[in-house]
Amino acid sequence: MLRTLSTLARRWAAPAVPSRLRRRWRSLDADRREFLGATLTARGYRVDGPSVTASLADHLVGRLTVFRREVVPWLADAVPLDGATVLEIGCGTGSSTVALAEQGAQVIGVDILPDRVDVARTRCAAYDLRCELHVANAVDVSSIVDGRDVDLVVFFAALEHMTLDERLAAMRGTWAMLRPGGHWCLVDTPNRLWVFDGHTSVLPFFHWLPDELAVAYMRHSPRAELAGAWSEVTPESVEELARHGRGISYHEFEVAIGPLAGLDVVSDLAGYRERHSAARRLLRTWRPAHRVERVLRRAGPPVHPGFYTESLDLVLRKP
């Protein structure tokens with residue numbers, strides 16, 4: 001019930017989707033929808049899935065709806081999508097891929113899990129969209145792009161699942177392959193500075209713990225499937241926890257891309273929502289998260305406010 005009310009409140013306060021974007025939304029007939037559902041079911045997604053990530057309904061229509069209504073309007077406000085070559089890291093089962101491609105983007109989608117890429121191919125075909133999809137690690141995408149000009153790089157909930165070395169290599173590599181004036185985007189990535197980890201451990205202050213202590217403390221997590229996952233702290237258990245997601249912060253940007261003062265952050269999702277929704281502006285000061293953001297901004301360096309929100313959703317422009 002609370003989750004339903006929260007979803008309704010978020011939609012009520014969300015900026016309106018421009019009609020030029022809505023007109024490009026594609027639909028599925030009953031047969032194609034049934035075939036896509038069967039493909040997802042065969043890959044383990046269930047009506048009674050134990051979590052949102054395993055939910056059939058979420059992967060069938062839920063994620064596409066979120067990307068269409070909340071993510072793509074923000075991206076399209078910052079970056080022209082029609083005709084753009086987009087490198088999408090973390091394409092998953094293809095919901096975000098469809099949401100980008102139906103707006104005219106030429107999408108090169110990458111995910112590390114073959115089953116997800118198979119579903120993404122099925123989804124794109126069902127929507128009559130031609131997308132280039134690959135099974136690959138983000139650090140290997142240079143060979144996939146193969147010298148082509150890239151207008152936009154998008155990391156969808158991906159960087160937080162990498163080891164530090166992989167993350168820095170992926171950030172450096174994708175930034176380098178962008179053409180001058182191109183854009184680099186991060187979506188739905190937990191902020192390591194945040195006081196509560198709602199992504200992996202569901203524990204307060206967990207983001208702030210060093211890796212070894214985080215593995216040892218994981219037994220206190222309310223997530224039963226992870227609380228007993230590791231009996232001891234080893235390099236392998238530290239890496240496994242990293243794969244589940246540990247969050248990132250502005251520190252990686254400064255190490256991998258360059259000084260924070262030189263980063264051209266053209267947009268952040270929280271700021272976009274407030275600019276385009278009177279309801280969001282009205283409710284801003286009553287949000288508990290707003291108070292946390294203020295504390296972080298006062299304590300930290302004078303970087304873009306998007307680096308102090310619960311989720312890092314940022315668009316950067318390459319000089």
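Q: Which residues does phenylalanine 253 touch, not counting residues up to four places away in sequence?
A: Contact means heavy atoms within 4.5 Å, and phenylalanine 253 touches Met171, Trp184, Leu186, Ile248, Gly258, Leu260, Leu263, Phe307, Leu314 and Leu316. This is a predicted model, in which local features need pLDDT of at least 70 and side-chain atom pairs count only at pLDDT 80 or more, while totals for chains, interfaces and linings use all residues. Residues are numbered from 1 along each chain as its sequence is written, and side-chain values use heavy atoms, with hydrogens and water left out.

Q: Which residues of the largest nonpolar core touch the most other members?
A: In soluble globular proteins, nonpolar side chains tend to be buried together. A nonpolar core is a set of buried Ala, Val, Leu, Ile, Met, Phe, Trp, Tyr and Cys residues joined through side-chain atoms within 4.5 Å, where buried means under 20% relative accessible area (1.4 Å probe, protein chains only). Here the largest core has 42 residues, and Leu87, Phe155, Leu159, Trp184 and Phe253 touch the most other members. Helix 8 supplies the largest share of this core, five residues; helices are DSSP runs of H or I with at least four residues, numbered from the N terminus.

Q: Which residues of helix 8 are buried?
A: They are Glu166, Arg167, Leu168, Ala170, Met171, Thr174, Trp175 and Met177.

Key. Buried < 20%, exposed > 50% of the residue type's maximum accessible area, 1.4 Å probe, protein only. Helix = DSSP H or I, 4+ residues; strand = E, 2+ residues; numbered from the N terminus.
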